[in-house]
Amino acid sequence: MDSIIVIIIGVAAGAVVTFVLQNVLLKKKQEQILKIANTEGEAMKKDKILEAKERFLKLKEEHESNTKDRERKIQSIEDRAKQKEKTLSQKIEETSRKEKDFVKKQELFDNKLDILEKKQVELDKTQEKRVLELSKLSGMSQEEAKTMMMEAMKDEARTGAMSHIKEIMEEANLNATKEAKKIVIQTIQRVAQEQTIENAVSIFNIENDDVKGRIIGREGRNIRAIEAATGVEIVVDDTPEAIILSCFDPIRREIARLSLHQLVSDGRIHPARVEEVVAKTKKQLDEEIAETGKRTCIDLGIHGLHPELMRMIGRMKYRSSYGQNLLQHSREVANMCAIMAAELGQNVKVAKRAGLLHDIGKVPDEEPELPHAILGMKIAEKYGEKPDILNAIGAHHDEIEMTSMIAPIVQVCDSISGARPGARREIVESYIKRIKELESLALAYDGVSSAFALQAGRELRVMVESEQVTDLKADELSFAISQQIQTEMTYPGQVKVTVIREKRAVNYAK
């Protein structure tokens, strides 16, 4: 029995111990869970606090940004308001000043009006007094004396007025003459530079000024080669991103411009390459001239023209007559001839054809000593034009007799196109003629291969054959040409004659 009790007590004690241990373990586990929960809660709390702070900072930045924007807008509105207030104050001051001036002028006017009224009263009294005296002396009635006095005053006033009008007219005529001269001078000053550029200068634009050094080349070799090949003076100065091409001949200038464009684009610039590109450019320009002539004929509706005549029409684009572009002048004459022929019942197509070809003698490949009208007639005859057109070309300056109705139409339309205001400038034509004579004079000497007038005719650059002209003879040639220019030609200032002799050794490896 006792042993059973002991066993029961032992079991009970074990159960109690087990229960206690389980409670202790459970409590520890609960503490661990609670600790983990507290740790996670603290972490979440910190995260939430950090997130709240970031949100707060973001809202604060947005608020500050909005506040600054509003402040800027308010400041801008205040500045505009101040500016308007300042402008308004200035206008108020200006209005106040004008009002004061007006008041002063009004007072002055009132004073003068009072004085005038007083003088008028005195004049009336004097007139009445004179009328009474005159009536007493002459025995006339007061009305008759008054009428006589008024007539006398009218005559006196009329005489004074006529004298005053004459003075005003003389002054007006003098001022009109001065103003007219002033307008003409201003017009010349405004147009002169642009017209000079149009007739003698072209601008070649470049991307940067480094290209200028490549164009000049070492010791100026490249630029000398370009000038020698094209006959155009190349001016490289401080003008930003531009090079000036100066020459009286527009075809030479165009060849130089296109050649420079090709050389700069390619990047290879040296004397041998320059000559190759210039030769290629001349060929391309010849093709463009032919295309221009063809396109002109198509635009005007002229068909069946010989290809050589179309090429010569294309060359007109690069020629001028007294400063007037020759192609533009010929197109203008052709259109006017068509209109006039239609009004007179003549053949419109023939008239237009004759008008286009009437100055063809100004663009021949060679320039014989013939008037351009006769030369043009011979050229047109060579390429199969009809007699009516030939007569119109040859007779438009009365070199031959007119035999058809088309001839006077062409003559009249040529005069209208050339004589309208602003169409021609004779000074430019005489300048170009002088430049051509300068080059022709140098080309007449033996050994001269080419000659180019540069710097508006102030320099004559002469290229000679090295085999025919020695260094000593080059000096003599330069002196002889300068002396001939001095004795035979009229020119402003002085002309520099530069003779260039260059030795070249060329061989081919085959």
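Visitor: What share of the 510 residues in the chain do buried residues make up?

Guide: Buried residues account for 30% of them. This is a predicted model. The accessible surface of the chain comes to about 35,000 Å². Carbon and sulfur atoms hold 56% of that surface.

Visitor: What does the chain consist of, in helices and strands?

Guide: There are 14 helices and eight strands. Among contacts with a separation of 6 or more, 59% link residues 24 or more positions apart.

Visitor: Why is Glu439 called buried?

Guide: Its relative accessibility is 7%. Buried means under 20%, so Glu439 counts as buried. The residue sits in helix α13, residues 426-443.

Visitor: What makes the pair Glu439 and Arg252 a polar contact?

Guide: Their side chains come to 2.7 Å. The cut-off is 3.5 Å, so the pair qualifies as a polar contact. A polar atom of the Glu439 side chain also lies 3.0 Å from the backbone nitrogen of Ala453. Beyond four places in sequence, the contacts of Glu439 include Phe248, Phe452 and Leu460.

Visitor: How do you know that Ser330 is buried?

Guide: Its relative accessibility is 0%. The limit is under 20%, so Ser330 counts as buried. Ser330 belongs to helix α8, residues 326-344. Leaving aside neighbours within four places in sequence, Ser330 is in contact with Met316, Gly355, Leu356, His358 and Asp359.

Visitor: What makes Ala392 buried?

Guide: The relative accessible area of Ala392 is 0%. That falls under 20%, so Ala392 is buried. Ala392 touches Ala354, Ile406, Ala407 and Val410, with residues up to four places away not counted. The C-alpha atoms of Ala392 and Thr403 are separated by 8.4 Å, and the two residues are 11 apart along the chain.

Visitor: How many disulfides does the count come to?

Guide: The count is zero. Take Cys413: the nearest cysteine sulfur, that of Cys337, is 3.8 Å away. A disulfide needs the sulfur atoms within 2.5 Å, so Cys413 is in no disulfide. At 0% relative accessibility, Cys413 is also buried. Cys297 is buried too, with a relative accessible area of 2%.

Visitor: How many salt bridges does a search of the whole structure find?

Guide: The search finds 15. In general, side chains of opposite charge can pair when their charged atoms come close.

Visitor: What makes Glu276 and Arg273 a salt bridge?

Guide: Their closest N and O atoms are 3.4 Å apart. The cut-off is 4 Å, so the pair counts as a salt bridge. Both residues lie in helix α6, residues 271-300, three residues apart, or about one turn of the helix. Arg273 has a relative accessibility of 10%, so it counts as buried.

Visitor: How do you know that Glu459 forms a salt bridge with Arg461?

Guide: The closest N and O atoms are 3.1 Å apart. That is within 4 Å, so the salt bridge holds by definition. Glu459 is buried, and so is Arg461.

Visitor: Where do Asp471 and Arg501 meet, and at what distance?

Guide: Their side chains meet in a salt bridge, 3.0 Å from N to O. Asp471 lies in helix α14 (residues 471-488) and Arg501 in strand β8 (residues 496-501), so the pair ties together parts that are 30 residues apart in sequence.

Visitor: Why is Asp471 called exposed?

Guide: Its relative accessibility is 52%. Exposed means over 50%, so Asp471 counts as exposed. Arg501 has a relative accessible area of 33%, so it is partly exposed.

Visitor: Which residues do salt bridges that share partners join into one network?

Guide: Glu94, Arg97 and Asp101.

Visitor: Which residues make the nonpolar surface patch of about 350 Å²?

Guide: Val16, Phe19, Val20 and Val24 make this patch. Phe19 is found in helix α1, residues 2-138.

Conventions
Residues numbered from 1 in each chain as written. Predicted model: local features only at pLDDT ≥ 70, side-chain atom pairs only at ≥ 80, totals over all residues. Heavy atoms only, no water. Helix = DSSP H or I, 4+ residues; strand = E, 2+ residues; numbered from the N terminus. Buried < 20%, exposed > 50% of the residue type's maximum accessible area, 1.4 Å probe, protein only. Polar contact = N/O pair within 3.5 Å; in protein donor to acceptor, adjacent residues only side chain to side chain. Contact = heavy atoms within 4.5 Å. Areas by Shrake-Rupley, 256 points an atom, 1.4 Å probe, with all protein chains shown as cover. Patch = residues over 30% accessible without salt bridge, like charges linked within 9 Å, V, L, I, M, F, W, Y side chains within 5 Å.
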